[in-house]
Amino acid sequence: MSTKWDNPQENNKLNPMPKMVTHLAGLVTDGVLVLDDETNIIFANNAISDILGYRPRDLVGQPIDMLTQETLSDDMTAFMVKALSNEAQASSWQGIRMHGQHQNGTSIPIEITIDMLSEDDTSYCFVLLKDVREQVTIEQELQADATRYLQILDAIPDIICVKDLGSRLIWANQAFRKFYNVSLEDLVGEIQYGSQAPKDIILGDQTVLNSEWVIYEFEETITRHDSVERTFMTTKTLIYDSSQQANLLLSVSSDITSAKTIERYLTEALRQREELVELRTNFVSMVSHEFRTPLSVILSSADILRTYHDRLTNERRDEKLATIHEQVQRLTELMDQILLINKGDAQGLPFVTQPTDIVGLSNSIIEEVQMIHRTNNVNVRFNYTNGDTYLPIDPNLYRHILQNLVSNAIKYSRPHAEVSVKINASDKQMTLAVADTGIGIPKENQANLFQTFHRADNVGTIHGTGLGLAIVKRAVETHGGTINFRSIENQGTLFVVTLPLNSSTMYEEQS
């Protein structure tokens, strides 16, 4: 390689630079150096003094290495050899960041760009030296800001993660790592985390990726590392670069498990309150009707007896007394039902099994019910299909079950109809079936049949409290049994009760 400077020790004024170099040196505020083939400085502009403190003339003839804390001469020589043979790439020495050596011994961050220039068949190694102290300061501040931002994100209790557009994790905050009990190193590059399947994760991410500038918010249930399920409200959104191209995806999940629990509690409380209001309304309506009617009958009969006692025949007086007695029994039965329901809801029905003559008890209950509803003229046919008539049951609970089912069957049957009562028993259980051919239960009323104070829409003027079947269900469930029914309006109803029979529980009181 040849140059125009035989004596590199001469300063710039003694060795004038080519017009191209001096022109470039005057246009830029960065430092400009020209090197010979041994990487010694043969030209330096005045900006070098502002950057590194050296006078330009003091640098002429000095090696380039005196201006940096790194050794560059060997690399630059290799670069120049390749450049002369057209092997060097234009980007090989473009904007290389390094530490410059100031005249006072301090380190100055600089950026060096090297290129080969030719003029009058002579090649020069042209070095552009840029002071990047301000840029480095800004970068350090940005890095410090980024660190602070990451610390802030780490302190947030929400689960936060950043992914690339392929749904691979790039970063996750401390809450995320703690939730899945995994380190950041193990998370980076992964799609699957915890028990969530990759396809489910990708599906949610793709919803955002396919809708530009859209924030996708949804509720999801996520399983923690200890298999505990938590409910989250997750927000996913795209992050865009300076050219408005999406390059990252941000996901933030807020734990709303407690809020959902409170919501469910409030919803349930509201439902119970509505049921309570409805129950109260039904109770008031039932009391108004079921108490007022027998009281009116009692009052009317008593007035007749008092006012016309001497004019009534013995038969008429007996008839009025029987009416009063019947209505008092009706009120007593109503009060007993209300007290029983209240006791069952508050502390459960008492349950004591004992060997019980099921045939004798059933016949007795049926006769009592027929006596109460004798004016209906309904016949009850009883059938028992097991040789052993003594079964281990709770006779009081059984009385409530059979009494109410037979009473309803008679009340809602047409005059002179027949009600069938069948009992079948084995070693493990007994089955009670009560069937009638009465008015039946409308389909729309069947779902609420066992609710307190609920009555079907087709009962008309037939008196009732809406408590009987509620009592039956509680008695059956207390006994550990089941109750089912099938009904067709205007054709009849069948109730089937199954009670377990376990002799080992005899005489054992349960609550």
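**Close-up views of a predicted model**

At 59% relative accessibility, tyrosine 265 counts as exposed (exposed is over 50% relative accessible area, buried under 20%, and partly exposed in between, with a 1.4 Å probe and protein chains only). This is a predicted model, in which local features need pLDDT of at least 70, side-chain atom pairs count only at pLDDT 80 or more, and totals for chains, interfaces and linings use all residues. Residues are numbered from 1 along each chain as its sequence is written, and side-chain values use heavy atoms, with hydrogens and water left out.

**View A. Nonpolar surface patch.** Tyrosine 265 is found in helix α9 (residues 257-307); helices (H or I, at least four residues) and strands (E, at least two) are DSSP runs numbered from the N terminus. Ile262, Tyr265 and Leu266 form a nonpolar patch on the surface, with about 350 Å² of accessible area together. Such patches take residues with over 30% relative accessible area and no salt bridge, nonpolar side chains (Val, Leu, Ile, Met, Phe, Trp, Tyr) being joined within 5 Å and like charges within 9 Å. Accessible areas come from the Shrake-Rupley method with a 1.4 Å probe, and for residues only the protein chains shown count as cover.

**View B. Aromatic cluster.** Phe176, Phe179, Tyr180 and Phe232 form one aromatic cluster. Rings of Phe, Tyr and Trp (its six-membered ring) pair if their centres lie within 6.5 Å; planes under 30 degrees apart count as stacked, over 60 as edge-to-face and the rest as tilted. The search of the whole structure finds five aromatic pairs. In one of them, the ring centres of phenylalanine 179 and tyrosine 180 are 5.0 Å apart and the planes stand at 80°, so the pair is edge-to-face. Phenylalanine 179 and phenylalanine 232 are also edge-to-face, with centres 5.3 Å apart and planes at 85°. Phenylalanine 179 lies in helix α6 (residues 174-180) and phenylalanine 232 in strand β9 (residues 229-240), so this pair ties together parts 53 residues apart in sequence. Phenylalanine 232 counts as buried at 2% relative accessibility, and phenylalanine 179 at 8%.

View C. Arginine 230 forms a salt bridge (a side-chain nitrogen of Lys or Arg within 4 Å of a carboxyl oxygen of Asp or Glu) with aspartate 255, the closest N and O atoms being 3.0 Å apart. Arginine 230 lies in strand β9 and aspartate 255 in strand β10 (residues 246-255), so the pair ties together parts 25 residues apart in sequence. Arginine 230 is partly exposed at 22% relative accessible area, as is aspartate 255 at 37%.
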